[in-house]
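Student: Could you take me through one part of this model up close, starting from a single charged pair and working outwards from there?

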Amino acid sequence: MAEMMELVCPAGTPAALRAAVEAGAHAVYCGFADETNARNFPGLNFSRVELAESIAHAHRHGAKVLVAINTFPRAGAEETWHRAVADAEAAGADAVILADLGLLAHTAEHHPGLRRHLSVQAAAANPDAINFYAETFGVRRFVLPRVLTVAEIAAINREIDAETEVFVFGGLCVMAEGRCSLSSYVTGRSPNVDGVCSPPDHVSYEETDGALAARLGGFTIHRSPKGAPAPYPTLCKGCFTSEGVTGHVFEDPASLDASELLSALADAGVRALKIEGRQRSRAYVGQVVRSFRAAVEAVAAGRPVPPGTLAALTEGQAATSGAYAKTWR
Amino acid sequence: MSDSAAMIPILPRPLAAGLGMLPLAPLGYPLSTLMRRVIARNPGLIERLGPYRACRFAIDPTDLPCTLLLHPDPVRAHVSVHSRPPEAEVRIAGPLAALIGLVHGAYDGDALFFSRDLVIEGDTSAALALRNAIDDAELDLAAELALLAGPLGRMLDPLIDMVARASGVSLRRVEQNG
């Protein structure tokens, strides 16, 4: 039997973390309830006490906890991010997921025993960048941006001496992550600093005669006809009319589902598989984790991946294999 | 969890019509008592709501001829039942089974939104805060009702099961292991 790829699963609340662990997560990633993590939504995330209790729960069940501190500190407010790293280590985190060069340097210097992963927010997408982070800051694992093909991932793995982790399910960010400022143009707030793409206080919905209009910062960015699936209210999945043509300018609303590529990703040298969705419910977490745990066990045993049953959970109720097998239009 | 939003049960029309003939105002008292009890037993729920605890949430079961208005602020927590849509900062609408299923962790809120089974209007931040707070609280409405009934709680079990069978709405929390 081949070595099983590690399943890294999302948790936005302690209840979701427990659901992930019970469903078979090898590791769970989560963050503090502030701007230090890139899923800074109302009612979501962990207090210091909740994190320590949740890590203890995960460890009792043989699962690891990775703490995402993956936004970019504001100048003059670095202490908030430094304290997050120190508190994650004190709570017993198995690793921190970081993106900012300064925070990586601080963590390597002041918390040398704390394992460091590079967040997708750092957008390290080639061997030179990865080797720089590994050699300079002792980063052990790299979450690769969702813009690479399987062949490109295999090529990267041949030229680095570190683990790679790739997204296999959930919301699909089609931009160079950590660099995208689309949300900022409309709302004045950025996923990279504030931890929110399309902050909900700038989002509103209006249903008229069955058609659902989604507005961001007062701009209508999508209109779903009666009965049609609705997408997240993000500009990159917005539907616009220009010169008489209406369409999705950047990407169709669809979720990533790479379950059929797991064997290829294993052959490409990928160490860990990441499920997106810290903003989702414990119902989502439980169902997706169970499905992918069965899939990675099948891959490790050389069996076919069981057919997926997750279509109802996908954005726009549509799935794509994303860039892994991309044919650009 | 349901694999398909299409599997969400809709309250049978005769049952919904029958409920619509009940006087609505008296329903507010037991529902308020239930909400106060849930809040008292789950302080994390209010912490997660944060500043949105002061909001009024209109919970609109689209297969029932009434709307619940929740005001979760612990100082004056109360629920009222209205035959017409009440003024509120947030309106969350969907089939009763979907709304209760969200409480019980049977459904995912985003998936219900994608499938258009759930409609959110008003303050989106407050709606998200409420959804996340309730999801973390791992509530079981049947258990809460039984606790509220005190020594008579166990006698409620057959009644709760009968209502669930007749309505198609699960009043108990779904076990996630499976």
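Tutor: By salt bridge I mean a side-chain nitrogen of Lys or Arg within 4 Å of a carboxyl oxygen of Asp or Glu. B:Asp136 sits in helix α6 (residues 124-137) of chain B and B:Arg48 in helix α3 (residues 43-49) of chain B, so this pair links distant parts of the chain, 88 residues apart. Helices (H or I, at least four residues) and strands (E, at least two) are DSSP runs, numbered from the N terminus. Both B:Asp136 and B:Arg48 are buried, where buried is under 20% relative accessible area, exposed is over 50%, and partly exposed is in between (1.4 Å probe, protein chains only).

A word on the ground rules: this is a predicted model, with local features needing pLDDT of at least 70 and side-chain atom pairs counting only at pLDDT 80 or more, while totals for chains, interfaces and linings use all residues. Residues are numbered from 1 along each chain as its sequence is written, chains are lettered from A and ligands numbered from 1 in the order in which they are written, and side-chain values use heavy atoms, leaving out hydrogens and water.

Back to the charges. Over all chains the count comes to 30 salt bridges. In chain A, salt bridges that share partners join A:Glu6, A:Lys64, A:Arg115, A:Arg141, A:Glu163, A:Glu165 and A:Lys274 into one network. A:Arg271 also pairs with A:Glu3, with the closest N and O atoms 3.5 Å apart. A:Arg271 is in the loop between α8 (262-267) and β14 of chain A and A:Glu3 in the segment before β1 (6-10) of chain A, so the pair ties together parts that are 268 residues apart in sequence. A:Arg271 is partly exposed at 24% relative accessible area, whereas A:Glu3 is exposed at 63%.

Now cross over to the other chain. Between chain A and chain B there are 6 salt bridges, including one from B:Glu138 to A:Arg18, whose closest N and O atoms are 2.6 Å apart. On chain A, α1 (14-23), β8 (203-208), β9 (211-216) and α9 (282-300) each supply at least two residues of the side that touches chain B. As for α1(A), 8 of its 10 residues are buried, and just after this helix A:Gly24 takes a positive phi of about 110 degrees.

For the interface as a whole, 46 residues of chain A are in contact (heavy atoms within 4.5 Å) with 38 residues of chain B. The buried area is about 3200 Å², with carbon and sulfur atoms giving 46%; that is the accessible area (1.4 Å probe) that two parts lose on being put together, summed over both. A:Pro42, A:Tyr205 and A:Arg282 supply 22% of what chain A buries against chain B, more than any other three residues.

One last stop is A:Gln279, in the loop between β14 (272-275) and α9 of chain A. A:Gln279 is buried at 10% relative accessible area. Leaving aside neighbours within four places in sequence, A:Gln279 is in contact with residues of both chains, among them A:Arg39, A:Tyr232, B:Asp110 and B:Arg131.
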